[in-house]
Amino acid sequence: MLTQESLDFLKDLTQNNNREWFHSNKKRYENHLKKPFVNLVGAFIERFQQHDPGIQIAPKDAIFRINRDIRFSKDKSPYKTNVSAIISPKGRKGKEYPGFYLHIERGRLMMGGGAYFMEKDTLYQLRQSIIHQLDRFQQLYQDPTFQEKFEEGIQGDKNKRLPKEFQEAAAKEPYVANKQFYYMAELDPKHILQDDFLDFAESYYLASKPFNDFLVEGMGMG
């Protein structure tokens, strides 16, 4: 599991984001951040498998690389200053597949999920599912436990113009216009160091699972 040394490394990396510093601190990275985070994600996967047997992935399939892709970026910092993972049956390579997202950086813990990257056809199918099951959709995002955990509710960019077949429904339910359907909780990173962090994280996963299941089904990925 992560320790204060893990968080201290992320803090120092934020202040020394260059290859020379990283290479001279490689053992520190391996021992205090990389390996503990792999173990943490592995523990998450084992927990979540109890609720979704379809999650048959290894930690390496869920964890995003710490190296940044700087080919098309003005920011040439070589490393991310966070560790993150997406836990789902498809892992980090299943960009469209709704999953549970974990993000840890200096002074910040984020947990959430949903559908962030959606292709045109998949979005169309999900919108049709929402229209045909509007009551169920609304009950899911209005669920008190979901709202308690994810206070900002459903987030995402919206289409300014919609196909005619969705315009009437969007007037009744504005989320129909969304191009993304994700939710996120920003939390105090002190939770990471507590003994009950797995239980704490599992409570967010369980609060989000019914809505995520609706997305998976509605997108035709179930």
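Tutor: Leaving aside residues up to four places away in sequence, Phe-146 touches Leu-140, Tyr-141, Ile-154, Tyr-183, Ala-207, Ser-208 and Phe-211, where contact means heavy atoms within 4.5 Å. This is a predicted model, in which local features need pLDDT of at least 70, side-chain atom pairs count only at pLDDT 80 or more, and totals for chains, interfaces and linings use all residues. Residues are numbered from 1 along each chain as its sequence is written, and side-chain values use heavy atoms, with hydrogens and water left out.

Phe-146 sits in helix α7 (residues 144–149); helices here are DSSP runs (H or I, at least four residues), numbered from the N terminus. Phe-146 counts as buried because its relative accessibility is 1%, and buried means under 20% relative accessible area (1.4 Å probe, protein chains only). Phe-146 and Tyr-204 lie 58 residues apart in sequence, yet their C-alpha atoms are 8.3 Å apart in space.

The axes of α6 (residues 134–141) and α9 (residues 197–218) come within 9 Å and cross at roughly 145°; axes are lines fitted to C-alpha atoms, for helices over the stretch in contact, with angles from 0 to 180 degrees between N-to-C directions. In this contact, Arg-136, Phe-137, Leu-140 and Tyr-141 of α6 meet Pro-210, Phe-211, Phe-214 and Glu-217 of α9. These residues divide into six nonpolar, no polar and two charged, with Ala, Val, Leu, Ile, Met, Phe, Trp, Tyr, Cys and Pro counted as nonpolar, Asp, Glu, Lys and Arg as charged, and the others, Gly among them, as polar.

Definitions and conventions:
Helices (H or I, at least four residues) and strands (E, at least two) are DSSP runs, numbered from the N terminus. Buried means under 20% relative accessible area, exposed over 50%, partly exposed in between (1.4 Å probe, protein chains only).
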